[in-house]
Amino acid sequence: MYELVQAGERTYYIDCPSRIGIYKIDDERVCLIDSGNGKDAGKKALKILAAQGWKAEMILNTHSHADHVGGNRVIQDRTGCKVYCPGIDRAFAENTALEPSFLYGGNPYKELRNPFLLAQPSQVGELTGGILPEGMRMARIDGHSFSMAAFGTEDGVWFVADGVTGETIMQKYQIPFLYDVEEFLHSLDKLEKLEGKLFIPSHGEIYTDMRPAVKANREKVYEIKDTLREICREKVGMEDIIQRIFDQYSLGMDQNQYVLNGTTLRSYLSWMKMRGEMETEFLRNRLYWHTVDRESAVEKNPCFSGECSPGAVWERTGAVNEDKEGRLKEIECFALDLDGTVYLGEQWIDGAKNFLEEIVRLGKKYVFLTNNSSKSPEVYVEKLKRMGLETEVDKIVTSGQAAVFYLQRNCPGKRIFLLGNDLLRKQFEEEGILLDEENPEVVVTAFDTTLDYRKMCKACDLVRKGLLYIATHPDYNCPTEDGFIPDIGAIHAFIHASAGRFPDRIIGKPNGDIINYLLERTSVKREKTAMVGDRLYTDIAAGKNGGLTSVLVLSGEASLQDAMESEIKPDFIFDSVKNMIPYLK
């Protein structure tokens, strides 16, 4: 225990209960990755460094949990080194009482103010790619915590923190701690694609190939989800849920495990509720959780769970342009793609305007949900007016708006480098987003129709430095009357070829951020909302991932053959929105 292990020419780690990574900046200075699980861990790390003639120049905390920042204070006091931590976790690392307070949900009592949950506070700076030593890079892998980073070295070694839980740890604790289940699954996707020679988690096994561990962690998430579905088939209160989970997994209850597992289970239930798989109800002034019946939910929406059901109507019956079961008449809000769905260029797709008029006549809602971030909502309103449709700004939902919403909630006050045109820049500025091309903290890429080589070079430089990298949407091409033009996906390919990274997070379709923003805007339930579009990999996948009814129209990019061959199966297929009109009432 507390042995120094060399993992690469300049990369080492201290093997201890919560591993401490070491990267040599030069012959005398080193960068630490985390600082161990307490004051004693910090002292032992300093002793090991002194034996090698090394001095700690900085500590890069992967996240703020006490077993990762426990040695910060003693190392910082004795060396004067700087400490950095990503995102919201910086506040927790600097104000360590926040961790037990967050886990408990109030002012923690004495037994929760223990070293396992409460580290000594230290002075912590914001972690950005710009402060990394030369030869290091990072990737955001949120989910286990609010904000978590993995660090890679030029030796091909990745320190992946608690991004995966190894087999021995999984068997012991059964329910790995998670704050955001959806984010954790996204991070598993990132970890699965990391290229390296060695992958070092903070606890448990070390990997040369992390893919089996990623697979096991993903399977564990769905196992816990299914367990909760079974427990909540009857209405159950939170304390009973915790007790039944502990009994089922033969876990031992103590103060720490109560708050850790309780927080994790609440996060699972919230995730399931957002997916439409769980509901809440207040009875006799008590909150109860109960499972949404799968058969009933699938009857309304085969893709409600995010795992597309083989019962998609068109696939079961072979019928296109039909809704014999009358499901569409139950829809209260239609989220419509624009390009390829209701118009092409300046031309209405046949019957699209009549479709919109019928929705209004029946007292239903429609909104236009577009991934095109090169235009403001006002531009779309003006275009539709020229085409003879009077509509309001609140009926336009763009990936640019959803990106602003995400930044306001997750990156408040951060300086943003925006690869986007003037209309989007104006929109960002009007919403209070701070744009900065000189010293940004976050890179945001959008469909930039004013793109030039200087902008691309700047974006590549910033992404290469490891800054958080967010994109408004993933589309490779944008349809026009004259064919397709390159969209943001082509820009991402350029940046990846130069800087070796794809975006850490993509806001627009098919991802959940834009759907969550849509539902907040419309105040219509998921099961009463339909996503209508012409692209399988954005529009239909967005419906699938977001728990909406999905309708593919064949008036744009995708063909019937594409749908038959794709793993992404829409609930319905129509030649165009015109053919949906008879089934709205």
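A crossing of two helices is called left-handed if the near helix is turned anticlockwise from the far one by less than a right angle. With that term in hand, I turn to the structure, which is a predicted model. The protein chain has a mean pLDDT of 90, with 95% of its residues at 70 or more. Residues 296-311, however, fall below 50, and this stretch has 44 contacts in the model beyond near neighbours in sequence.

Let me begin with a helix pair. Helix H7, residues 181-193, and helix H8, residues 211-231, have axes that come within 9 Å and cross at roughly 160 degrees. Because angles over 145 degrees count as roughly antiparallel, H7 is roughly antiparallel to H8. The crossing of H7 past H8 is left-handed. On the H7 side the contact includes Phe184, Leu188 and Glu192, and on the H8 side Arg211, Val221 and Tyr222 are among the residues involved. By class, eight nonpolar, one polar and four charged residues make up this contact.

I now move to the sheet. Six strands, in the order S18-S17-S14-S26-S27-S28, form an open sheet with parallel pairing. Its edges are S18 (396-398) and S28 (572-574), each of which pairs on one side only. On average, neighbouring strands are turned by 25 degrees against each other, direction ignored. Within the sheet, S26 (residues 529-533) and S27 (residues 549-553) pair over four bridges, and Met531 stands opposite Ser550 in S27.

Helix H13, residues 352-361, touches S14 and S17, and its direction makes about 135 degrees with that of S17. Helix H15, residues 399-410, touches S17 and S18, making about 65 degrees with the direction of S18.

Definitions and conventions:
Residues are numbered from 1 along each chain as its sequence is written. This is a predicted model: local features need pLDDT of at least 70, side-chain atom pairs count only at pLDDT 80 or more; totals for chains, interfaces and linings use all residues. Side-chain values use heavy atoms; hydrogens and water are left out. pLDDT is the predictor's confidence in each residue, from 0 to 100. Contact means heavy atoms within 4.5 Å. Axes are lines fitted to C-alpha atoms, for helices over the stretch in contact, and angles run from 0 to 180 degrees between N-to-C directions. Helices (H or I, at least four residues) and strands (E, at least two) are DSSP runs, numbered from the N terminus. Angles under 35 degrees count as roughly parallel, over 145 as roughly antiparallel, 65 to 115 as roughly perpendicular and the rest as oblique. Ala, Val, Leu, Ile, Met, Phe, Trp, Tyr, Cys and Pro count as nonpolar, Asp, Glu, Lys and Arg as charged, and the others, Gly among them, as polar. Two strands pair if DSSP finds at least two bridges between them.
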